[in-house]
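Reader: I have a protein model open and would like to learn how its parts get their names. Could you go through it with me?

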Amino acid sequence: MTTNPSAIADDRAAVAAVPQRIVAAWADHDAGAFARAFTEDGTLIITGVSRTGRQEIESFMAQAFTGPFKGTQVTGTPYAVKPLAENVVLVLTQGGVLAPGETEVAAERAIRASWLLVKQDGEWLITAYQNTPVQAA
């Protein structure tokens, strides 16, 4: 991130908005929008799944939105933003998948996630995402 105070504030807002892009894409069950939040070679790691590249991520999410994630929503709230280099930042979130009709994440679906973001062509994108359950199974 930059050393200019106003640019830092702008970058922090743009970085914090990335999880909301995923929440919005999920709400629309839009696998393409979901995948476009990732770099071309981005990696998605969730329980039992590892996909690399926008095409693989989009394909997985398209199937998931018509299968196990059908009718679900997702939530994710940043609780830490850690700049690592000028164009690299780690965002930590808490949230999870909301089953149809739920307004709060059930304890068994609560997660914490790591989002490694890079700034490419002025846009913050996910290069690696991984989540883990809050509670041990």
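Reader: In what order do the six strands form the open sheet?

Author: The order is β2-β1-β6-β5-β4-β3, with mixed pairing. Keep in mind that this is a predicted model.

Reader: What makes β2 and β3 edge strands?

Author: Each of them pairs on one side only. From one strand to the next, the twist averages 15 degrees.

Reader: How do you know that β1 and β2 count as a pair?

Author: Two strands pair if there are at least two bridges between them. Strand β1 (residues 38–46) and strand β2 (residues 49–52) have four bridges, in the antiparallel sense, so by the cut-off of at least two they pair. Within this pair, L44 stands opposite R51 in β2.

Reader: How many residues lie between β1 and β2 in their hairpin?

Author: Two residues lie between them, and G48 in the turn has a positive phi of about 75 degrees.

Reader: Where does α3 lie?

Author: α3 lies across β1, β2 and β6, and runs at about 45 degrees to β1. In the whole chain there are three helices and six strands, and from the N terminus on they run α-α-β-β-α-β-β-β-β.

Reader: How do you know that the chain agrees with a compact globule?

Author: We set one radius of gyration against another. A compact globule with 137 residues would have a value near 14 Å, and the chain has 15 Å, so the two agree. The C-alpha atoms fill a box of roughly 45 × 30 × 25 Å along the principal axes.

Reader: How much space lies in the largest pocket, and which residues are closest to its centre?

Author: About 570 Å³ of space lies there. Of the 35 residues that line the largest pocket, I46, F69, V97, I111 and N131 are the closest to its centre. β4 gives the most to the lining, with five residues.

Reader: What classes of residue make up the lining of the largest pocket?

Author: There are 24 nonpolar, nine polar and two charged residues in the lining. Among the elements that each supply at least two lining residues are α1 (5–27), α3 (54–66) and β5 (110–120).

Note on methods. Residues numbered from 1 in each chain as written. Predicted model: local features only at pLDDT ≥ 70, side-chain atom pairs only at ≥ 80, totals over all residues. Heavy atoms only, no water. 1 Å grid on protein atoms, 1.4 Å probe; cavity = no way out; pocket = protein on both sides within 12 Å on 5 of 7 lines; lining within 4 Å. Points joined across faces, edges and corners; volume = space filled by probe spheres on them. Nonpolar A, V, L, I, M, F, W, Y, C, P; charged D, E, K, R; others polar. Axes fitted to C-alpha atoms, helices over the stretch in contact; angles between N-to-C directions. Contact = heavy atoms within 4.5 Å. Rg over C-alpha atoms; globule rule 2.2 N^0.38 Å.
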